[in-house]
Amino acid sequence: MRLIKKILDRGSAGELKLEPEEPEDMWHAYNLIAAGDSLRASTVRKVVQTTDTGSSTTTKKRMILTIEVQSVGYDSAAASTLRVKGRTIEENEFVKKGSYHTLDLELHSAFTLRKHEWDSIALDRVEMACNPVHQADVAAVIMHEGLANVCLITEHLTINRQKIEHTIPRKRKGLCAQHDKGMEKFFDVIIAAIIKHIDFSIVKAVIIASPGFIKDQFYQYMLAKATRDDERHLLENRNKFILLHSSNGFKHALTEVLQDPLVLNRLSDTKATGEMKLLDQFMQLLNDEPEKAYYGLEVIEKANQAQAIEHLLITDELFRNIDFNKRRRYVQLVDSVKENGGDVRLFSSMHASGERLGQLTGIAAILRFPMPDLDLADDHQHHEANNGNNHDDLQPNPNRPTDDDADFDEDPSANTYRTLNANRAEASAW
């Protein structure tokens, strides 16, 4: 992302003019633009002009529109375009004020964004987007027989560059030739996708993962084909390939693959691996020392009041909340944790680690010291709420069970505890 103009101060109104240069910049723009912001960008509209004789002509004209944002749409499959809907707040020769329009933000097309308040999260996002060192440094090919996904793993996204599906004839006794021929065609398509989508000058490692021995067969076939076809960039980077086991060839299998110790050692300096390690540490504490691991906004705010938070894990999806007061609450929590010397990790909801964290309300914390009192305070508040007191904004602590196990299906707090038990069991498996 290129920063063209900056007129703003932290915590006050102002505007930025930005130009997306890479597909990942569209993800940053998606997280920056929120409902209520003002967006000015170039667009093309059909203009109908009527002559004195009554005839009309339609022409396309490029113009600048300024809208008040109402919604933002992002499609990870077509990551080079962002669709922003809203109402115009400035009138021009061809467009009336107050009319509804959709602006398509594209790569290498500048736009100006104005906010009523630029908080620390938004400014950190701008700094992150404009830092040239943030690029995809890990690639992965997850496969099983007849299915493969070629992915790029950046600090903020897991981008599925190509999904490959190929029909493989079954093996039959004495008739394996058709099956082997089908596998070779399948491998050829994967090799072509690797050459097309993976830049070996940037990536530090290419993960090849599958159940059984498919990954080994593919790797040997790739090297043989690269030698035969003189594909030097594959041969020269053969040491970047890591062969690992996965349960299947679907994208979600990346979660288990990225936890492999071999990957963690090889990619020890990447942000994606650091996030996976921290999330694994949280899940382990949730299982072994639950007094030091909490999730849910209310409980974490109480821990922050005691300056007990060592690591705060939070997904960027929470900062896209259309409720401005709720967003401000998250921002104030992040700023307070930083002021108290805590570490804040912003997880991308489009990354495997962010998807896992999203299943735990999107916010979690590892404490410096155990705080069992949080459970007691939360249970007391929940008891008062059940007795008719006005505590509608308080929720039971998800880290502790309630005494209403008899009403298991009707009591939301019991359902929360049931979810926690499932998460703890899953944490043990992880």
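Analyst: A polar contact here is a pair of N or O atoms within 3.5 Å, where one must be able to donate a hydrogen and the other to accept it. By that rule, the side chain of Asp335 makes a polar contact with the side chain of Ser120, at 2.5 Å. The model is a predicted one, and the distance is computed from its atoms. Asp335 sits in helix α10, which covers residues 324–339. Its relative accessibility is 17%, so Asp335 counts as buried, the cut-off for that class being under 20%.

The sheet comes next. Four strands make up an open sheet, in the order β13-β16-β14-β15, and the pairing is mixed. At the edges are β13 (293–295) and β15 (343–347), each of which pairs on one side only. Neighbouring strands are turned against each other by 15° on average, with direction ignored. Inside the sheet, β14 and β16 pair in the antiparallel sense, over five bridges.

Helix α9 lies across β13, β14 and β16 and runs at about 35° to β16. Helix α10, the one that holds Asp335, lies across β14, β15 and β16 and runs at about 150° to β14.

The two helices also meet each other. Two packed helices are described by the angle between their axes and the distance between the axes. For α9 and α10, the axes come within 11 Å and cross at roughly 35°, and the crossing is left-handed. From α9, the contact is made by Leu297, Glu298, Ile300, Glu301 and Asn304. From α10, the residues that take part are Lys326, Arg329, Tyr330, Leu333, Ser336 and Val337. By type, the residues of this contact divide into five nonpolar, two polar and four charged. The spacing of such residues can be read against the geometry of a helix: an α-helix has 3.6 residues a turn, so residues three or four places apart point the same way.

Eight of its nine residues are buried, so α9 is largely enclosed by the rest of the structure. The buried residues are Leu297, Glu298, Val299, Ile300, Glu301, Lys302, Ala303 and Asn304. Charged side chains are therefore among the buried residues, Glu298, Glu301 and Lys302 being cases in point.

Just after α9, Gln307 takes a positive phi of about 55°, in a residue other than glycine. Gln307 belongs to the loop between α9 (297–305) and β14 (309–315). At 47% relative accessibility, Gln307 counts as partly exposed, whereas the eight residues listed for α9 are buried.

Thr361 lies in the loop between α11 (352–358) and β16 (363–367). With 42% relative accessibility, Thr361 also counts as partly exposed.

Technical notes
Residues are numbered from 1 along each chain as its sequence is written. This is a predicted model: local features need pLDDT of at least 70, side-chain atom pairs count only at pLDDT 80 or more; totals for chains, interfaces and linings use all residues. Side-chain values use heavy atoms; hydrogens and water are left out. Helices (H or I, at least four residues) and strands (E, at least two) are DSSP runs, numbered from the N terminus. Buried means under 20% relative accessible area, exposed over 50%, partly exposed in between (1.4 Å probe, protein chains only). Axes are lines fitted to C-alpha atoms, for helices over the stretch in contact, and angles run from 0 to 180 degrees between N-to-C directions. A crossing is left-handed if the near helix is turned anticlockwise from the far one by less than a right angle, and right-handed if clockwise. Contact means heavy atoms within 4.5 Å. Two strands pair if DSSP finds at least two bridges between them.
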